[in-house]
Amino acid sequence: MSATVIAHLGYIIIESGIRKFNPFSYSRLDEIVNGKEKFDIVFFGSSRTQCHINPCIIDSLTGLNSYNAGKAGSNSLEVRMLLEAYLETHIPPKYVVYNIDNLTVSNLNTVPNSNLYLFFLNNKKMAQYLEGTFTHVEILRLIPFTRLLYFDDYLRNVAIQGHFSKTEVLNSINYCKGHASNTQDTIKDSEIVPNISKISSPDLTHVLAIIEICKENKIKLIFNSTPVIYLNNLPTSNQRVAKIDEVANRSKIDFIRFDTSKAFSKNDFIDLGHLNRLGSIKYSKLFANELNRKLISN
Amino acid sequence: MSYTIEVYKGNQKAEKHLGIYALYVMFYPQLVAGPIERPQNILHQFHETKVFNLVLFKSGLRLILWGLFKKVVISDRLAIYVNLVYEHPEHYHYINLLLAVLLFSIQIYCDFSGYSDIAIGSARTMGYELMTNFNRPYFAKNIQEFWAKWHISISTWFRDYVYIPLGGNRNGKRKMYLSLVTVFLLSGLWHGANWTFLAWGLLHAVFMVSYLLYKGTKHRPLTNNFLINIFSVVVTFVLVSFAWIYFRAESITKANDIIGYLFSMNKPAPFVEYLRDIKLKFIFNKFSLAVSGFFIVVLFLIENWSEPNMSKFDDRPKSDYIFNVLVILAIIFFGVFRSTSFIYFQF
């Protein structure tokens, strides 16, 4: 009995620590999963969405009300889950922009970093998707301290840091409606090396499902690819983008491509795959202009 | 096998009751992964009338909790790091490799002895006493002592049914060493038909023979010297950890690669280090290492104080209660529940 009471109190303390450490991540997930605000355009994808697309710039240049629902490390399954969870509580947006990168076409069939979603099991769609990841999702939903069994050391560490007033918030970062830019550091020359990692064969199962979900909800889906620091050393990225190109053409989906853009130099990047703060501002402006062009032409 | 041999040798009367015999063969606490019980120890217990004993029941539950603690708090946490490093050793700095090698020694101890504790505890709740299987093996001062403390049920099984029938130490030193090599090679094969297990067995054979040769010389250490004892314990631990490389690796080539990277002080390319560091940040960071380190120290302190069967708590109800609550909380707050089954289930 005493262990149960202590476990329950402990869970409350850990959760509050995680909220304190991750005020930004927690609140944006809360908006995506539980929020009610009506957005015209929502951006989904991995960290290349979250760090690159600034909705405030998009809003000011397009007149739309946008939200950045990108999540670091998301594969296509997680994006599909977030999209359905979003649609469970929100009025469907007019547009969904889905960022294409390596993770989009990975054949991983588990939701990465799923522990963060333990706090959002009240969303039925989310709970449905997480049935494969957590056993007895219903028990986890109804008896919160049982979620302790799924906490990993990363979450525990974050909870402790949160209670020591440390947070994930860094200086010189732009925050706006789900967007968090990187800092203004730039990539060093020594860090620009070829990516020789092996990549598995592309899997478009969830991408095709996302296309269907958007069709059912009468949402105009747009694909986009963000700038990369080098192209010639990433032949496999070219293959993946080509696969998505094929799907986009077949399904008549607009594909706004920046992976071949010459507008970005290495000074716009913080690492091989991500733009820094100024890079993301430049990108958001260019993207807003492309968006206007596409929306006007349609 | 031991039942058949003991009955044949006349050390054990054949069991005439089919139900008792079936219970002996299928006794669930030790059926899957031991301890490997001799009929002399357990059969007579099945003939005794058992009455519920609260002290034994609580003692058994305590041991089950302790075994679970070792498995989910320590072993499965260490497995995260060890599995990462052993999967792609070329991606890791030699310090990471060294850490993985040492942590695997702790992982396998906690995994296996944890299971044994759960098995012994389960039997004890019903009033049955199984043999102790681990007795603080990493405090052994030499390889001979190590094997008297590690997986005691199987090491004594090999001693009684292989080593002694082969002649033991009765037919001269050369034959004794040959018998030892045979025992260790068989012990390796017992784990599986893989060259890595044979290599592991062979290494232990080499260590054991080398130790016995050294013991036979006139140069003996000062056994009551504290520093010498510490040194002996450390050397024994290092040798055993080295042998575990072959036990854990998927192949001889991979084991040799790991050893090669260790001795050549491998440092991976910057991009590889970058990707590796991102992975480690989320999967096994400094916090994980600190938690592991803390609980390893707790483990060794408790086991050093309480003896393997945790019987010191039997006369200390308040300490017992606090201990149980703390262990339960450690399991709830720090347990790793998305991990593997027990390592020795595969054997």
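Tutor: Chain B is divided into domain 1 (2-47) and domain 2 (55-140 + 243-346), with bounds that come from an automatic or database domain assignment. This is a predicted model, in which local features need pLDDT of at least 70 and side-chain atom pairs count only at pLDDT 80 or more, while totals for chains, interfaces and linings use all residues. Residues are numbered from 1 along each chain as its sequence is written, and chains are lettered from A and ligands numbered from 1 in the order in which they are written.

The C-alpha centres of domain 1 and domain 2 of chain B lie 31 Å apart. Their contact takes nine residues from domain 1 of chain B and 13 residues from domain 2 of chain B, where two residues are in contact if their C-beta atoms, placed from the backbone, lie within 7 Å. On the domain 1 side, the elements that give two or more residues are helix H3 (28-31) and helix H4 (39-47) of chain B; helices (H or I, at least four residues) and strands (E, at least two) are DSSP runs, numbered from the N terminus. The residues on that side of domain 1 of chain B divide into four nonpolar, four polar and one charged, counting Ala, Val, Leu, Ile, Met, Phe, Trp, Tyr, Cys and Pro as nonpolar, Asp, Glu, Lys and Arg as charged, and the others, Gly among them, as polar.

Asn11(B) counts as partly exposed because it has 13 C-beta neighbours inside 10 Å; a residue is buried if 20 or more other C-beta atoms, placed from the backbone, lie within 10 Å of its own, exposed if 12 or fewer, and partly exposed in between. Leaving aside neighbours within four places in sequence, Asn11(B) is in contact with Glu6(B) and Gln40(B). The C-alpha atoms of Asn11(B) and Ala193(B), 182 residues apart along the chain, are separated by 32 Å.

Turning to the partner chain, 15 residues of chain A are in contact with 14 residues of chain B. On the chain A side, helix H1 (2-21) and helix H8 (153-163) are the elements that give two or more residues, and H1(A) gives the most, with five residues. The residues of this side of chain A divide into eight nonpolar, four polar and three charged.
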